[in-house]
Amino acid sequence: MKQKTARKLRCAVIGVGKMGKHHVRVYSEIKDVELVGVADLNEELGKETALKYRTKYYRKFEDLLDIEKPDIVSICVPTSFHYQVGKICIERHVNILLEKPISTTVSEGQKLLALAKKNNIKMLVGHIERHNPAVKKLKELLDKKKLGKVTSIIVRRVGGFPSQNRDANIMVDLAIHDIDIVNFLLEELPREININKTRVHTETREDAVEFFLKYKTCSVYIQTNWFTPVKIRKINITGSEGYVELDYITQQIVFFKSNYEKFRETVKGFSDYILRFSEPDLKEIPVIVKEPLKEELLYFIECVKTNKKVDSQFALDALKVALSRK
């Protein structure tokens, strides 16, 4: 007796610009899903994308939802449309992967989370670095206390101006990645938030921002800008037992394990411990390089298939920090 073949999940993409086109490509590469359509107001771009990946094009995303009835939709439209498009998809009972940030305002983000819960819809906000294999490996190192007590984190996410994103807010377009990752690594939210915003090459909005965050036992500095002539995506963590450097782009992790001896000495009547350091043990932590976006989509597809709970509260938490007025 032949076994029934499991039905392929029907997937679609709304918005096929800078990020959306990669969602389309990845869905087309996954064998156990069916790419049933794309939607975009730009007919030339939409039709070109649909033709390339042998799927259907819709100018109105509502028509895509009503006709194709997808199980999963990636929403890759400009942030200002996240709430509007997300709300309609949820009300039509479609599971959504919403590109970060969750919305332009905390209020809209709260409404989307509540609406998804009310309609029993899975909504994953695409903070892609959470699915970077190097970040997952770094989390393992921290969870196993390989660095001892984490005392400070320094992050740099800098590079040229995003030409396709003229209305971008650097806090929610760039810095929010690392705000979320630090929250993820430390498993807590910052207790103090200080922000330094500057306008270096533009007059209408900030093109550089620095976040100074204080967690329970750790201080964090996040630097982002849109004018550094080289693209840098790195996080450095110092702990009581070592130091680690991670490159988001190359997915390389270098770990410097501290080597020291502890002595108790008395100076001017005061007794305390001193440390005598020798050269640290240096090793590169092995990471199996994978495309973070593909890992993210595979994760969400599996959540939908197995009815696994999806909680995107983390995205709202990161947005609150990014939009802080302090």
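Author: In this predicted model, Asn120 is located in the loop that runs between H5 and S6. Its phi is positive, about 55°, although Asn120 is not a glycine. Asn120 is also exposed, as its relative accessible area of 69% is over the 50% cut-off.

In general terms, strands of a sheet pair through backbone hydrogen bonds, in either a parallel or an antiparallel manner. Strand S5 (residues 95-99) and S6 run parallel and are joined by four bridges. Within this part of the sheet, Leu98 stands opposite Val125 in S6.

Lys100 and Pro101 are joined by a cis peptide bond, with omega about -5°. Pro101 has its place in the loop between S5 and helix H5 (106-118).

A second residue with positive phi is found in another loop by the sheet's strands. Lys69 lies in the loop between H3 and S4, and its phi is near 50°, a positive value in a residue other than glycine. Lys69 is exposed, with a relative accessible area of 58%.

Helix H3 (residues 61-68) and helix H4 (residues 82-91) have axes that come within 11 Å and cross at roughly 15°. Because this angle is under 35 degrees, H3 is roughly parallel to H4. The crossing of H3 and H4 is right-handed. On the H3 side the residues that meet H4 are Phe61, Glu62 and Leu65, and on the H4 side they are Val85, Ile88 and Cys89. By class, this contact of H3 with H4 has five nonpolar residues, no polar residue and one charged residue.

The axes of helix H7 (residues 170-186) and helix H9 (residues 313-322) come within 9 Å and cross at roughly 120°. That angle makes H7 oblique to H9, and the crossing of H7 and H9 is right-handed. From H7, Met171, Val172, Ile176, Ile179, Asp180 and Asn183 meet Phe314, Ala318, Leu319, Val321 and Ala322 of H9. The contact of H7 with H9 divides into nine nonpolar residues, one polar and one charged.

Asp178 also lies in helix H7. Asp178 is buried, since its relative accessible area is 0%, whereas Asn120 is exposed. With neighbours within four places in sequence left aside, Asp178 is in contact with Val155, Arg157, Ile222 and Tyr248.

For the setting of these parts, the chain has nine helices and 14 strands. Of its 326 residues, 48% are buried. Among contacts between residues at least 6 apart in sequence, 66% join residues at least 24 apart.

Conventions
Residues numbered from 1 in each chain as written. Predicted model: local features only at pLDDT ≥ 70, side-chain atom pairs only at ≥ 80, totals over all residues. Heavy atoms only, no water. Axes fitted to C-alpha atoms, helices over the stretch in contact; angles between N-to-C directions. Helix = DSSP H or I, 4+ residues; strand = E, 2+ residues; numbered from the N terminus. Parallel < 35°, antiparallel > 145°, perpendicular 65-115°, else oblique. Left-handed = near helix turned anticlockwise from the far one by under 90°. Contact = heavy atoms within 4.5 Å. Nonpolar A, V, L, I, M, F, W, Y, C, P; charged D, E, K, R; others polar. Pairing = 2+ DSSP bridges. Buried < 20%, exposed > 50% of the residue type's maximum accessible area, 1.4 Å probe, protein only.
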